[in-house]
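Subject: Structure handover

Hi,

Here is the structure I promised to pass along.

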Amino acid sequence: FSSDNLLMDTPPNKPNKTSSKFGIRSKNVILEESFEPCDAIILIQDGIIHDIIELRTSDDETIKSALREWDIQDYGYSYVFPGLIDINMHLNAGCEEDWE
């Protein structure tokens, strides 16, 4: 089984900006259980993560169903991971005048 072949055989969906049901696919998804990137599809409905399909451990029918029923947007090798916050702030919130 090759998830790449399965995904390539399915015509790509055009991103639908108004869709409340879509998926993000990347070959570099970082999941909570591991720091190793995996090939996965994150399914999002109404702004909430509905499911995460890790392609190497999912059966063909689960993947085909997601491709049929969801607007999947492929981000290639971009990294997708939860909760990154840029804490490098340059903001003086009422503190001393000379603060940097």
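This is a predicted model: local features need pLDDT of at least 70, side-chain atom pairs count only at pLDDT 80 or more; totals for chains, interfaces and linings use all residues.

**Layout**

The chain has two helices and five strands, and they come in the order α-β-β-β-α-β-β along the sequence. Of its 100 residues, 31% are buried. If you take the contacts with a separation of 6 or more, 50% of them are between residues 24 or more positions apart. The exposed surface comes to about 7600 Å², with carbon and sulfur atoms supplying 53% of it.

**How the strands pair**

Strand β1 covers residues 21–29 and runs antiparallel to β2, with seven bridges joining the two. One place to look is V29, which sits opposite C38 in β2. β1 also pairs with β4 (residues 71–74), this time parallel and through four bridges; there, R25 stands opposite D74. Then there is β5 (residues 79–80), which is parallel to β1 and joined to it by two bridges. N28 has Y79 as its bridge partner in β5.

**The nonpolar cores**

The largest nonpolar core is made of nine residues: I41, L43, I53, L55, I63, A66, L67, W70 and I72. Both β2 (38–45) and α2 (60–69) put at least two residues into this core, and α2 gives the largest share, with three. There is also a second, separate core of eight residues, V29, L31, C38 and I44 among them.

- I41 is part of strand β2. I41 counts as buried because its relative accessibility is 0%. Beyond its neighbours within four places in sequence, I41 contacts G23, I24, R25, D51, I52, I53, L55 and I72.
- L43 touches F22, G23, I48, I49, H50, D51, I53, A66, W70 and I72, again leaving out residues up to four places away in sequence.
- I63 belongs to helix α2, and its relative accessibility of 0% is why I63 counts as buried. From I63 to I41 the C-alpha separation is 8.8 Å, for residues 22 apart along the chain.

In α2, the buried residues include I63, S65, A66 and L67. At the start of this helix, a side-chain oxygen of D59 comes to within 3.2 Å of the backbone nitrogen of E61.

If you check backbone angles, stop at D46: its phi is near 55 degrees, a positive value in a residue other than glycine. D46 is in the loop between β2 and β3 (48–54). With 57% relative accessibility, D46 is over the 50% cut-off and therefore counts as exposed.

**Charged pairs**

Side chains of opposite charge can pair when their charged atoms come close. How many salt bridges does a search of the whole structure find? The search turns up four.

R25 and D39 make one of them, with their closest N and O atoms 2.8 Å apart. This pair links distant parts of the chain, since R25 is in β1 and D39 is in β2, 14 residues apart. Are R25 and D39 buried or exposed? R25 counts as buried because its relative accessibility is 5%, and D39 counts as buried at 17%. R25, D39 and D74 are linked in a network of salt bridges, and R25 is also the residue that stands opposite D74 in the strand pairing.

E54 and R56 form another salt bridge, at 3.3 Å from N to O. E54 is buried, with a relative accessible area of 19%, whereas R56 counts as exposed at 67%. For E54, that value falls under the 20% cut-off, so it goes down as buried.

R68 and E61 form a salt bridge too, with 3.1 Å between the closest N and O atoms. R68 counts as exposed at 54% relative accessibility, while E61 is partly exposed at 46%. E61 is also the residue whose backbone nitrogen D59 reaches at the start of α2.

Over to you.

Technical notes
Residues are numbered from 1 along each chain as its sequence is written. Side-chain values use heavy atoms; hydrogens and water are left out. A nonpolar core is a set of buried Ala, Val, Leu, Ile, Met, Phe, Trp, Tyr and Cys residues joined through side-chain atoms within 4.5 Å. Buried means under 20% relative accessible area, exposed over 50%, partly exposed in between (1.4 Å probe, protein chains only). Contact means heavy atoms within 4.5 Å. Accessible areas come from the Shrake-Rupley method with a 1.4 Å probe; for residues, only the protein chains shown count as cover. Two strands pair if DSSP finds at least two bridges between them. A polar contact is a pair of N or O atoms within 3.5 Å; within protein, one must be able to donate a hydrogen and the other to accept it, and residues adjacent in sequence count only if both atoms are side-chain atoms. A salt bridge is a side-chain nitrogen of Lys or Arg within 4 Å of a carboxyl oxygen of Asp or Glu.
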